[in-house]
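Student: Hi! I'm new to this one and would like to talk through its charged side chains. Could you walk me through them?
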Amino acid sequence: MKLVCVQRYLVITFHRITQFDRTLWNDDYVEYLFVSAKTQQWRNSIGLMRLTKPTLFTNMPVTCEDRDLPGDLFGRLMKEDPSTIKGAETLMLGEMLTLPQNFGNIFLGETFSSYISVHNDSIQVVKDILVKADLQTSSQRLNLSASNNAVTELKPECCIDDVIHHEVKEIGTHILVCAVSYTTQAGEKLYFRKFFKFQVLKPLDVKTKFYNAETDEVFLEAQIQNITTSPMFMEKVSLEPSMMYNVTELNTVDTGDEGTSTFGKMSYLQPMDTRQYLYCLKPKPEFAEKAGVIKGVTVIGKLDIVWKTNLGERGRLQTSQLQRMAPGYGDVRLSLEMIPDTVNLEEPFDITCKITNCSERTMDLVLEMCNTRSIHWCGVSGRQLGKVSPSASLTLPLKLLSSVQGLQSISGLRLTDTFLKRTYEYDDIAQVCVVCPYMSRET
């Protein structure tokens with residue numbers, strides 16, 4: 001019996017195999033099998049190779065000027081070279097494909113595909129042939145065989161073929177175990193197997209940063225770095241939000257009917273290059289009013305990354321659930337619903353505040369407005385706002401003016417809970433630009 005395993009089989013067919021990588025053989029194990037075969041009048045051998053997709057052939061063009069000694073010799077030789085592109089002989093990239101010269105790399109997220117062939121090299125018929133392929137990882141053992149049923153018989157010079165696929169989801173050492181059991185004509189049951197060890201590498205380095213806005217929005221910045229040795233085509237980088245959020249991608253620029261990617265038309269990521277993706281998450285309407293629920297949400301969602309490498313080889317990664325540090329609002333949260341960007345000097349303007357009870361008890365609130373050097377509040381200070389239930393909120397319109405030009409910070413709001421006699425201070429709530437309406441633009 002002869003077992004041949006070809007990993008990632010090519011779409012190009014070969015009439016014969018011209019070279020074996022001797023490093024993939026276990027010579028001691030093969031020698032033992034041959035010794036066993038001599039005593040039992042059987043020839044058993046196990047061979048295992050890996051084939052990957054080819055790469056485009058590259059050459060090194062050599063040119064010179066016509067007045068140089070070689071003349072047009074180099075030009076004629078490049079035109080006669082079958083590996084060059086006709087009409088573009090000086091390009092390094094050719095039209096031919098090059099077979100892999102080494103084992104290559106297997107990356108996390110790629111699909112592990114293998115072609116297994118069991119061949120009967122003996123002159124006798126064997127029966128009850130069972131081919132089994134298992135993949136051993138650091139945490140589990142997976143059965144990759146398409147069928148677990150034994151083949152009734154295998155005649156001389158015939159073979160049994162099988163194709164297996166597996167999406168690699170773990171990094172580290174993987175061992176492909178190919179085992180064959182069969183029965184001779186004398187009724188003796190024999191068994192042999194081959195171990196194929198390889199490493200799975202990490203293709204991308206993903207880092208995330210969270211920014212919590214005052215309006216309950218969460219901004220996610222994802223930094224993705226290509227840590228392989230070949231360029232990648234980033235087919236898709238999306239964020240799958242958790243059930244409480246809606247997501248908006250901020251990686252395109254609106255240019256009419258369709259948005260243009262901020263990375264250009266060709267989304268390639270060169271080796272060791274890093275790219276930043278930005279997303280905005282907003283609470284769904286049914287959760288937006290539940291301050292206590294949104295306050296404790298730490299799970300945001302997960303990133304889904306799809307890329308392609310040479311000749312369209314596809315890979316996909318999904319991160320684990322991304323978690324943020326929940327912002328601490330305290331017992332009472334004060335946020336601005338509406339504020340103008342620019343106001344006139346010494347002219348009253350309106351703002352709208354939202355007060356939310358983030359505690360688990362009812363509060364009876366009193367509002368106090370304290371003037372600062374530049375900000376002066378208009379209205380009655382010390383007024384009763386009433387009782388606010390847990391997770392409830394109320395909208396509060398306020399009026400104020402500024403007596404100083406420039407960028408001014410709004411401060412001086414105080415909320416007092418009469419039940420516990422506790423005061424909450426709010427300074428630097430927002431900033432507003434104050435301009436003089438009497439000053440001409442030329443001045």
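This is a predicted model: local features need pLDDT of at least 70, side-chain atom pairs count only at pLDDT 80 or more; totals for chains, interfaces and linings use all residues.

Student: What does D417 touch, skipping its neighbours within four places in sequence?
Tutor: Its contacts are R361, M363, D364, L365, R422 and Y424.

Student: Zooming out, how many salt bridges are there?
Tutor: The count comes to 13. One of the pairs is R314 with E235, at 3.1 Å from N to O. R314 sits in strand β22 and E235 in strand β15, so this pair ties together parts that are 79 residues apart in sequence.

Student: How accessible are those two?
Tutor: Both R314 and E235 are partly exposed, R314 at 45% relative accessibility and E235 at 34%.

Student: What does K236 pair with?
Tutor: K236 forms a salt bridge with D304, and their closest N and O atoms are 3.1 Å apart. That joins strand β15 to strand β21, with the two residues 68 apart in the chain. K236 is partly exposed at 38%, whereas D304 is buried at 1%.

Student: Back to strand β32: what about R414?
Tutor: R414 makes a salt bridge with E425, with the closest N and O atoms 4.0 Å apart. E425 is in strand β33, 11 residues away from R414. R414 is buried at 15%, while E425 is exposed at 56%.

Terms used:
Residues are numbered from 1 along each chain as its sequence is written. Side-chain values use heavy atoms; hydrogens and water are left out. Contact means heavy atoms within 4.5 Å. A salt bridge is a side-chain nitrogen of Lys or Arg within 4 Å of a carboxyl oxygen of Asp or Glu. Helices (H or I, at least four residues) and strands (E, at least two) are DSSP runs, numbered from the N terminus. Buried means under 20% relative accessible area, exposed over 50%, partly exposed in between (1.4 Å probe, protein chains only).
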